[in-house]
Amino acid sequence: MLKELFTSKTRIKLLLKLFLNPGVSSYLRELAAEFDVSPNAMKEELDGLSDAGYLNKKKEGRYIFYNANSSHPFFPEISSIVRKYIGIDQILEYILSTIGDVDSVYVLDDYAKGIDSGLIDVLIIGDDIDSDRIVDLCAKAEEAIQRKIRFMVLGTEEFTNTSNIYLRRPNWKVV
């Protein structure tokens, strides 16, 4: 879907990285190395998105960090497109529909950092969660989005007592 909409593969990777989790910020050389492109090509993409207002630029020392501009009028739409591309919306729809009393859902690690690694780590917090149902739903979601889903379920009290362990990892609260 994104390949037809955007002709630049680098731009697609930037949108995935920065709009999947708006809290992520990166600098030019870090992004160029991660995406295996020249710094000049990366700068061109970053400048184009920044000039259009889609990205914020913040200078820290000798580095300029870029992140998604969540106050841009098109931010919700771009974020929605990115989530649909990754399949996060499908996962949530499956998870929240019939599994029990869900308090919150976190995406952890690579996807929380905006990296499409093919493995999505999901932490589900709630009481009376039907883990067997999650296994069935995740299998269907994996087939639909062509990515592996690894989930963990914690009761509300257990999460309260151990949240520092999980939230120390890169995380993004979805619900």
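This is a predicted model: local features need pLDDT of at least 70, side-chain atom pairs count only at pLDDT 80 or more; totals for chains, interfaces and linings use all residues.
Arg11 forms a salt bridge with Glu45, and the closest N and O atoms are 2.7 Å apart. I then checked where the two residues sit: Arg11 belongs to helix H2 (residues 9–20) and Glu45 to helix H4 (residues 39–51), so the pair ties together parts that are 34 residues apart in sequence. Glu45 has 12% relative accessibility and therefore counts as buried, the cut-off being under 20%.

**Salt bridges in the whole structure**

How many salt bridges does a search of the whole structure find? I noted six. Besides the pair above, I followed up two of them.

I took Glu34 and Lys17 next. They form a salt bridge whose closest N and O atoms are 3.3 Å apart. This pair links distant parts of the chain, with Glu34 in helix H3 (residues 28–35) and Lys17 in helix H2, 17 residues apart. Is Lys17 buried or exposed? I have it as buried, because its relative accessibility is 5%. Glu34, at 35%, counts as partly exposed.

I then turned to Asp121 and Arg150. Their salt bridge has its closest N and O atoms 2.5 Å apart. Here too the pair links distant parts of the chain: Asp121 is in strand S5 and Arg150 in strand S6 (residues 148–154), 29 residues apart. Asp121 counts as buried because its relative accessibility is 7%. For Arg150 I wrote down a relative accessible area of 46%, which means partly exposed.

**The three-stranded sheet**

I went on to the strands. Which order do the strands take in the open sheet of three? I read S1-S3-S2, with antiparallel pairing. S1 and S2 stand at the edges and each has a single partner strand, so one side of each is left without a neighbour in the sheet.

I looked at the two pairings in turn. Strand S1 (residues 26–27) is joined to strand S3 (residues 63–68) by two bridges, and these strands run antiparallel. Tyr27 has Phe65 in S3 as its bridge partner. Strand S2 (residues 55–60) is joined to S3 by six bridges, again antiparallel. Within this second pairing I noted that Lys59 has Ile64 in S3 as its bridge partner. I also found Asn56 standing opposite Asn67 in S3.

What lies between S2 and S3? I found that the two strands form a hairpin with two residues between them. Gly61 is in the turn and has a positive phi of about 65°.

**A negative patch**

Last, I checked the surface for charge. Which residues form the negative surface patch? I listed Asp101, Asp103, Asp127, Asp128 and Glu157. Of these I followed up Asp128, which lies in the loop between strand S5 (119–127) and helix H7 (131–145). Asp128 counts as exposed because its relative accessibility is 73%, the cut-off being over 50%.

How values were computed: Residues are numbered from 1 along each chain as its sequence is written. Side-chain values use heavy atoms; hydrogens and water are left out. Two strands pair if DSSP finds at least two bridges between them. Helices (H or I, at least four residues) and strands (E, at least two) are DSSP runs, numbered from the N terminus. Patches are made of residues with over 30% relative accessible area and no salt bridge: like charges are joined within 9 Å, nonpolar side chains (Val, Leu, Ile, Met, Phe, Trp, Tyr) within 5 Å. Accessible areas come from the Shrake-Rupley method with a 1.4 Å probe; for residues, only the protein chains shown count as cover. A salt bridge is a side-chain nitrogen of Lys or Arg within 4 Å of a carboxyl oxygen of Asp or Glu. Lys and Arg count as positive and Asp and Glu as negative; His and the chain ends are not counted. The place of a charge is taken as NZ of Lys, CZ of Arg, CG of Asp or CD of Glu. Buried means under 20% relative accessible area, exposed over 50%, partly exposed in between (1.4 Å probe, protein chains only).
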